[in-house]
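Here are my notes on this one, as numbered points. Have a look at the model first, then read on.

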Amino acid sequence: PLEHIHHGSVEGDVITDVGQDLHPQEGEAYYDLGEQILMPGLINAHCHLDYTEFKGSVFPGKGFSSWIKSINAIKSSFSPEDYVAAIQKGIDLSLNAGCTSIFNIEAFPDLLLKLPVPPLRIWWFLELIDVRSRMHSIEDVMGAFSFFENNPDWLGGFGLSPHAPYTSSIELYRLAKHCAEELNMPVTTHIAESNEEQSMFLHAEGPLYEFLKDLGRNTDDCGHGSPLSHLFEFGLIPEKMICVHLNYLQDQDWEWIQAQPLTIVHCPKCHTFFEHQPFEFEALKKAGCKILLGTDSMASNDGLDLRSECRMFRESHPDVSAEELIKMITCEPAAAIGLNETLGVLRPGALADLVSFPDGHSDPYEGVIQSKASPGFVMVNGKMVRDVNTKDA
């Protein structure tokens, strides 16, 4: 919890102590934050840094499949250098909003070779698509994975993201599940994002169905059930999979969810952008699901600020406490990536990823959510990322 602990100490990349009565030892450097709320760095559970320069370029008015076509047109006009600049801009925007960890979907893993070492933690989820091309084998996956083994100064890690049931085959989902279960690799996927996706799988009709059929996608899996039941029936949802969106659910889906509660990322501003039906937060929580928050990309958002996502979420779910919202962007996404008790918390032994915001509210949780200011202090892995007033004891 966010408490008035007054003092904390960091050694190397971990927090060594927190409390009321700590004092710097002679010769130790310390940071005097003044009247600030000090907390774990925020964790964005779903983002596409590649698309940071897409802000304001695409509008949702003509439907989800039309939006996809517009995205594909813009992507084809971008050079590798454009994407590298977009990723770096997204990183800067994230840090300026107090985010120190990102679960990022990476469509072009070769871009990593062109990037400087990122100053924050990023889990790079390799996007798997085979509706037209970009089919990946286990050899391809291990080749990308080896990049992180050979670059230990990159914080975060590597995972897989079969894009969605409408763009990724059963074979790709099986590959992802194998890597999750045999290699302990994190896996995420988009699912049940739009009503067009529902129409495609439930009724074998609609704009998305026609668009993909024209591209040559085999549609034999359509008309038999929802996209979620499609994955469940084939046993393709590993226990720790991070499921993004789940905006549209059918009665049968709830039976599957009751049997295997999911970890779900909700993206409130993206949800509003597409004017989706209300997100069933209360029912999903009651079913035992863990709900995290993410920003999605700048192709459906005007920023990468998780505090803004919390404020948007509150508009639809006013009874959710500020403390619960903070957990949805700190300790709960950390647990989803397998770092429970280590990331997203302030305690001895935890990773030293810290941010501070102005203390202008009687409730520190509410103060963080309502703050629109840039953080006064950002530390990632025990290293200063944002300058503050450093003093010597």
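1. Phe64 and Trp67 are both buried (buried is under 20% relative accessible area, exposed over 50%, partly exposed in between, with a 1.4 Å probe and protein chains only). Keep in mind that this is a predicted model, where local features need pLDDT of at least 70, side-chain atom pairs count only at pLDDT 80 or more, and totals for chains, interfaces and linings use all residues. Residues are numbered from 1 along each chain as its sequence is written, and side-chain values use heavy atoms, leaving out hydrogens and water.

2. Both residues sit in helix H1 (residues 64-77), 3 residues apart, or about one turn. Helices (H or I, at least four residues) and strands (E, at least two) are DSSP runs numbered from the N terminus.

3. The structure has 19 aromatic pairs. Among them, Phe64 and Trp67 are stacked, at 5.7 Å centre to centre with 25 degrees between the planes. Rings of Phe, Tyr and Trp (its six-membered ring) pair if their centres lie within 6.5 Å; planes under 30 degrees apart are stacked, over 60 edge-to-face, the rest tilted. Ring pairs also join Tyr51, Phe54, Phe78, Tyr83 and Phe108 into a cluster.

4. How many disulfides does the structure hold? It holds 0, where a disulfide is a pair of cysteine sulfur atoms within 2.5 Å. The closest cysteine sulfur to that of Cys47 is in Cys99, 7.9 Å away and so too far for a bond.

5. Thr295 is in the loop between strand E12 (290-293) and helix H11 (306-316). Thr295 is buried, at 0% relative accessibility. Its contacts (heavy atoms within 4.5 Å), not counting residues up to four places away in sequence, include Cys47, Asn44 and Glu309.
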